[in-house]
Amino acid sequence: MKLRVLTAVVAALAVTLVGCSGKATDGKADEEGEGGIKTGPGVSSSTISLGVLTDMTGVYASLGKSVTQAQQLWVKQTNDAGGICDRKIELTVRDHGYDPQKAIAAYTELVPDVAGFAQFIGSPFVAAVEQRIDGRDKGLVLPQAWSANLLGSPYIRVIGATYDVETINLVDYLLAEKRIAKGDKIGHVYFEGDYGENALVGSKYAAKEAGLTVVEQKIKPTDNDMTAQVAALKQAGVKAVVVSAGPRQAASLVGVAAATGFDVPVVGNNSAFAPQLLKTQAGPALLKDYYVASSTLPIGDPGDGPAKLAKEYAAQYPKDVLDNGVVAGYTAASLFGEALSLACDDKDLTREGIDKAVLKIKGYGTEFGVTHDFSDPKAPSTRESVIMKPDAGAAGGLKVVRPAAVAPAAESFTIGN
């Protein structure tokens with residue numbers, strides 16, 4: 001798939017900033033330390049430093065805050081328990097505000113001094129530095145992004161179903177619930193760039209398999225009013241809408257549709273919801289007929305994993321809202337921790353050693369409803385999606401309406417189509 005618009009911009013910025021780092025690194029071992037353990041960038045005899053490139057002031061501000069605080073919680077718990085490999089974990093956080101120049105500059109600043117990145121929000125930004133990651137830096141990156149374009153790198157590991165697969169699962173849910181049928185039109189409102197265009201691949205494939213027609217509406221991350229898009233989809237006669245954008249755009253779409261009598265179900269990718277929206281004018285419409293997919297159970301689920309994490313997070317951050325970013329952030333941090341533990345067992349805390357350790361991780365994340373396998377860099381860690389519906393009475397604002405499952409079309413789908 002071509003990378004367009006925002007991806008092209010950040011790629012150009014990445015080339016410009018390649019030489020801006022204070023010191024270069026090729027990911028190789030610096031020395032053999034205590035106990036015969038090889039170390040590399042970001043690893044000293046007493047600490048392991050990880051980078052966090054997040055969005056706390058841009059389109060994904062609520063998500064970025066929750067993801068980051070969940071990772072800081074994991075670090076505190078890990079260090080209180082003695083750390084990893086007799087070393088304390090440190091996080092260095094940079095807020096890029098979903099700005100291309102800030103994101104690439106922050107990566108360039110941190111990469112020489114960290115073992116890898118426990119978070120990197122923004123598919124286009126990760127894609128823009130992918131060549132540097134694979135060619136020179138070779139540090140493990142766990143993006144809070146699910147574009148299929150990020151698959152294949154041994155260093156960038158997607159946690160969960162990619163947007164294309166997730167969207168196929170969403171369309172399958174609508175079909176299974178008989179909300180749409182063969183011959184119908186479905187709308188798709190999507191961000192330009194990696195995220196939205198990869199999700200569009202999924203909706204088009206699902207439509208082809210089910211005999212549906214997709215009516216496209218491409219938007220920018222700065223577009224917050226979906227009035228024109230709703231009008232176009234209503235005129236086209238679509239029976240359902242997929243939204244692959246941010247929480248603001250999803251809320252506007254659902255709210256405008258309700259206000260104009262456009263009564264159709266709307267389904268969204270994992271980052272197209274924030275519980276704060278339930279207290280806005282769009283709240284009643286979101287509660288009525290909006291659905292979200294994710295590769296984890298919601299934070300408000302009564303299962304042991306989410307319930308334990310919700311309690312621990314609320315104790316650490318009592319004034320903050322619970323949302324699914326808490327689960328996503330904690331899962332990513334603990335995955336990085338598992339890789340570090342395995343690399344320690346192998347006496348190799350170089351970037352290469354950490355990357356090799358990830359390949360050993362299978363059967364991961366079951367406490368949050370989905371099992372992940374990281375043994376193949378060319379594949380997403382799962383093709384399953386949990387389907388959720390907003391619920392004002394649930395912590396985090398979501399409840400499960402269909403447990404983790406993979407649609408037959410998602411199972412047969414060849415990623416990269």
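Predicted model: local features only at pLDDT ≥ 70, side-chain atom pairs only at ≥ 80, totals over all residues.
Local features require pLDDT of at least 70 and side-chain atom pairs pLDDT 80 or more, whereas totals for chains, interfaces and linings use all residues. Residues are numbered from 1 along each chain as its sequence is written, and side-chain values use heavy atoms, with hydrogens and water left out.

The structure contains 4 cavities of 30 Å³ or more; a cavity is a set of points, on a 1 Å grid over the protein atoms alone, where a 1.4 Å probe fits but cannot get out, and lining residues have an atom within 4 Å of a point. The largest cavity has a volume of about 350 Å³, volume being the space filled by probe spheres set on the points. Of its 31 lining residues, Trp146, Asn270, Ser294, Asn324 and Ala328 are the closest to its centre. Helix H12 (324-345) is one of the elements that supply at least two lining residues, and H12 gives the most, with 5 residues; helices (H or I, at least four residues) are DSSP runs numbered from the N terminus.

Salt bridges, defined by a side-chain nitrogen of Lys or Arg within 4 Å of a carboxyl oxygen of Asp or Glu, number 12. In one of them, aspartate 172 pairs with arginine 402, with the closest N and O atoms 3.0 Å apart. This pair links distant parts of the chain, 230 residues apart. Glutamate 312 and lysine 308 form another, at 2.6 Å between the closest N and O atoms. Because these two residues are 4 residues apart in helix H11 (residues 304-316), they are separated by about one helical turn.

Terms used. 1 Å grid on protein atoms, 1.4 Å probe; cavity = no way out; pocket = protein on both sides within 12 Å on 5 of 7 lines; lining within 4 Å.
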